[in-house]
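Visitor: I'm new to this one. Could you show me how to read it?

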There are 2 protein chains.
Amino acid sequence: MSLLVTGTIGIDTVETPTDRADGVLGGSAVYFAFAARLFTQTRLVGVVGEDFPDAFRRVLEDSSIDLTGLETRPGAKTFRWHGRYLENMNERQTLRTDLNVVGEAPPQIPGELRDTGFVFLANTHPAVQHEFIRQLTGPKLIVCDTMNLWIESERAALLETLKGVDGLVLNDEEARMLGGQTDLPRAGQAILGLGPTFVVIKKGEHGVLLVSPDEMISLPAFPTEKVEDPTGAGDSFAGGLMGYLAATNRFDREGLKSALARGACVASICIEAFSVDALAAATREDVEARVAKYKAMLAFD
Amino acid sequence: MSLLVTGTIGIDTVETPTDRADGVLGGSAVYFAFAARLFTQTRLVGVVGEDFPDAFRRVLEDSSIDLTGLETRPGAKTFRWHGRYLENMNERQTLRTDLNVVGEAPPQIPGELRDTGFVFLANTHPAVQHEFIRQLTGPKLIVCDTMNLWIESERAALLETLKGVDGLVLNDEEARMLGGQTDLPRAGQAILGLGPTFVVIKKGEHGVLLVSPDEMISLPAFPTEKVEDPTGAGDSFAGGLMGYLAATNRFDREGLKSALARGACVASICIEAFSVDALAAATREDVEARVAKYKAMLAFD
């Protein structure tokens, strides 16, 4: 089945201890879409300004990402982010954020996309996520992401949104904050009480923990020494996860686990180059080759 | 084959946010031995004082741990440790350490144990570990642990010891310090250059990373909400690892991976109760039942 993602489309400047990339394609929904399109038809819903480069539009189109829901707003400027990774590549500083068009009215889901079955609401204000949910006419699986800012300052709106989703994907720090528990399994259990039927806690280099009412599944990250730019690792993980779920149209225990594995492998590809370069160059075969290695690593007597 | 462990035997007092245990059996070699004995005959080499309770000796004997190498030193007192776990159970404070007999001359490996094939040198001064290695007459596999104190203050002695071991087991913080790299895969690679043919980096709740010249293997911890007392998790992990290697007499890639899995499962049993209570109550069948669950968790299509 096809998949729709809402979220940020941006122009990033990224510095690492050894390199930098200026004015490259970024944003949560973009990383997600480049990962998800490896598995299924992916519809991108977001808004950019008049300054959004044609070259970025082309690379999205060349990757078969459906841009029906990409709004280019007259007179507006595209979201921009400038970040710097510290020595260990696991911590980063945000040097500058220009919300630009992302601070204005959110985009709408075009009428012809509203019946999409699989939907991922990348991080944005929970009230905006809630409005996206309202626009959907036949959702089969809705999963969202969130962030510390909303957990702290917009908790009521977030709790309302969480009642309307099937799954939540968030990082470990956010899970602790939302669940009110320092222990991740317990934090995950607490979040289940807020609405979602499953919670996926992203732990960066430490992998991922799925918490559902019946069980917990812990999977490691695909180990690699080649980390060029960690930006988008979490979003591409979510893209691989949701892309695989939509492609297989299955989200029981085993389906979720297979999808988590795809997410882990796609994320490990994402971080091998700046921006979406490695993702855009990857094929489904590349992902499955990595999945085969990952599977072999996790098999033992 | 049989297995020998050298290290600390102690009397612990442990506080957690909800409970405490006073004057219970502890020490790195003890936790190791209670885990390893689930797989193979395990010989404990260490020294205690006259105050070492008979009840502790009995629980060791009842678990079929070979006490030939347990020296009771006249006039000396047993090592004591008092620690407190903070809210998240991952951080702890040491409230008091009384080295006592551990600060005196180290024990010797009894003559009849010196031909043991599999040897684990739990954390102690690297010069003492080096002396233990010198006493061995036919080692097949020597693995050691170490700690931040020796990495910082006894680096030369530690580097000498590392030349004489096949494997090193240490935690993530220690690996970063010893390898001089914040990235764990790179830290592990740097440590390989110091002598060991494999490095096992323990990451607590995040599992374990094996680094060898050919590859990296990352395995998650066995996920559990039931954490009563994390003391001994790392030592029992090492005990499960080494116990399985000795039992199967095999330490190639696949053998190591199977052993890492046993270590992860045994560690998850260890932390379910204070002291060695859960380990002492466990059977090999209990471990394999947990391994079967762990294996199923890590298998996917």
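Guide: Let's begin with a term: a polar contact is a pair of N or O atoms within 3.5 Å, and within protein one must be able to donate a hydrogen and the other to accept it. Keep in mind that this is a predicted model.

Visitor: How many residue pairs are in polar contact between chain B and chain A?

Guide: The count is 16 residue pairs, both residues at pLDDT 80 or more. On the chain B side, the elements giving two or more residues to the contact are helix 7, strand 14, helix 9 and helix 11.

Visitor: And how many salt bridges cross the interface of chain B and chain A?

Guide: The rule finds two. A:Glu205 and B:Arg176 meet in a salt bridge through their side chains, at 3.6 Å from N to O.

Visitor: What about the size of an interface?

Guide: It is often given as the accessible area lost when the parts come together. Here about 3,200 Å² is buried between chain B and chain A, with carbon and sulfur atoms giving 53% of that. In chain B, the residues losing the most area to chain A are B:His206, B:Glu225 and B:Phe300, together 23% of what that side buries.

Visitor: Now strand 9 of chain A: which strands pair with it?

Guide: Strand 1 of chain A runs parallel to strand 9, over four bridges, and four bridges also join strand 9 to strand 10, again in parallel. A:Phe120 stands opposite A:Val5 and also opposite A:Val143 in strand 10. From strand 9 the chain crosses through helix 3 to strand 10, a right-handed β-α-β crossover.

Visitor: Are the residues on the faces of strand 9 buried or exposed?

Guide: Buried on both: A:Phe118 and A:Phe120 on one side, A:Val119 and A:Leu121 on the other.

Terms used: Residues are numbered from 1 along each chain as its sequence is written. Chains are lettered from A and ligands numbered from 1 in the order in which they are written. This is a predicted model: local features need pLDDT of at least 70, side-chain atom pairs count only at pLDDT 80 or more; totals for chains, interfaces and linings use all residues. Side-chain values use heavy atoms; hydrogens and water are left out. Buried means under 20% relative accessible area, exposed over 50%, partly exposed in between (1.4 Å probe, protein chains only). Two strands pair if DSSP finds at least two bridges between them. A crossover is right-handed if, with the strands pointing away from the viewer, the path from the first strand over the helix to the second runs clockwise. Buried area is the accessible area (1.4 Å probe) that two parts lose on being put together, summed over both. A salt bridge is a side-chain nitrogen of Lys or Arg within 4 Å of a carboxyl oxygen of Asp or Glu. A polar contact is a pair of N or O atoms within 3.5 Å; within protein, one must be able to donate a hydrogen and the other to accept it, and residues adjacent in sequence count only if both atoms are side-chain atoms.
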